[in-house]
Amino acid sequence: MFRLDGKIALVTGGSRGIGRACCEALAEQGATVVVNYVKGEAAAREVADAIKAKGGNAEIVGFDVADTKTTETAIEELIKRHGKLDILIANAGIAIDGLLLRLKDEDLTRLFDVNVRGTLTCTRVAAKSMMRATPPPGIAGKGCGRVIFLSSIVGEMGNVGQTAYAATKAALLGAAKSIARELASRNVTVNVVAPGFIDTEMTQGMSEEMKEQLLKSIPLGRTGVAREIAAACVYLASDEAAYVTGQVLRVNGGMYV
């Protein structure tokens, strides 16, 4: 169950944190994983080498999702090289925190360029290939593919000091639901995984006081780990999730229900 043998998967921002966990989990299920990075080539290569050491298949590709032309070219070349792209996990994202009254225009632009426009660019290119794919046995029609957006709990419940970041993550929810409707006739599913408080490099910079306050708001009483987010992505990427689209899968320990 949830096997991905023969699938080609692209994970943006795959060199660390949740992205790395997704790469490793997809590879364990048999997918050939393309690890995207922006500046961390060494880290991306480490992920690919770790996957290969366990008998999996992986390669790395560098591009900034905020650079539309470079992103389009890189994904098109990837598709040409492998003949297809079955799975896109749009994980690449940045966080620039600050109160609204102190928010700089350049920070707002950068956040939307990476978190929203970058995600939509990747999806637009990937979808063209997925719409031409051959569906698995038992599925009628043409096309097949899995698109998974990584949003955040703050995109649904908000958070002080993260107005702009929350806005970008909320935008992904609406985008995913709309794209899911647009691509459904071609058997391409589009879903969102919304992590809660996950122990990654992005959250490790928080103060101990802030972490303690957050833990009090989590019914399960602990932070999540990247592997738990990756498991949700593996399910949504699998053939078993062929009838799931336009959904938000919350992995947050009950912090927001």
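1. Angles under 35 degrees count as roughly parallel, over 145 as roughly antiparallel, 65 to 115 as roughly perpendicular and the rest as oblique. Helices are DSSP runs (H or I, at least four residues) numbered from the N terminus, while axes are lines fitted to C-alpha atoms, for helices over the stretch in contact, with angles running from 0 to 180 degrees between N-to-C directions.

2. This is a predicted model, in which local features need pLDDT of at least 70 and side-chain atom pairs count only at pLDDT 80 or more, although totals for chains, interfaces and linings use all residues. Residues are numbered from 1 along each chain as its sequence is written, and side-chain values use heavy atoms, with hydrogens and water left out.

3. Helix 1 (residues 17–28) and helix 2 (residues 41–53) have axes that come within 10 Å and cross at roughly 20°, and the two helices are therefore roughly parallel to each other. Their crossing is right-handed, a term used when the near helix is turned clockwise from the far one by less than a right angle. Contact (heavy atoms within 4.5 Å) is made by Arg20, Cys23, Glu24 and Ala27 of helix 1 with Glu46, Val47, Ala50 and Ile51 of helix 2. These residues divide into five nonpolar, no polar and three charged, where Ala, Val, Leu, Ile, Met, Phe, Trp, Tyr, Cys and Pro count as nonpolar, Asp, Glu, Lys and Arg as charged, and the others, Gly among them, as polar.

4. Helix 1 also packs against helix 9 (residues 226–237), at an angle of about 50° and with the axes 8 Å apart, which makes helix 1 oblique to helix 9. The crossing of this pair is right-handed. On the helix 1 side the contact includes Gly17, Ile18, Ala21 and Cys22, and on the helix 9 side it includes Ala226, Arg227, Ile229 and Ala230. By class, the contact of helix 1 with helix 9 has 11 nonpolar, one polar and three charged residues.

5. Helix 3 (residues 68–82) and helix 4 (residues 105–130) pack at about 30°, with axes 10 Å apart, and helix 3 is therefore roughly parallel to helix 4. Helix 3 passes helix 4 in a right-handed crossing. Thr68, Thr71, Glu72, Ile75, Glu76 and Ile79 in helix 3 meet Arg117, Thr121, Cys122, Arg124, Val125 and Ser129 in helix 4, and this contact has four nonpolar, four polar and four charged residues.

6. On a 1 Å grid over the protein atoms alone, a cavity is a set of points where a 1.4 Å probe fits but cannot get out, a pocket is an open set with protein on both sides within 12 Å along at least five of seven lines, and lining residues have an atom within 4 Å of a point. The count comes to one cavity of 30 Å³ or more, and the largest cavity holds about 40 Å³ of space. Its lining is formed by Lys7, Asp86, Ile87, Cys144, Gly145, Arg146, Ala237 and Asp239, with three nonpolar, one polar and four charged residues.

7. The second largest pocket holds about 180 Å³ of space, a volume being the space filled by probe spheres set on the grid points, which are joined across faces, edges and corners. This pocket is lined by 13 residues, of which Ala184, Asn187, Thr189, Ala242 and Tyr243 lie nearest its centre, and its lining divides into nine nonpolar, three polar and one charged.
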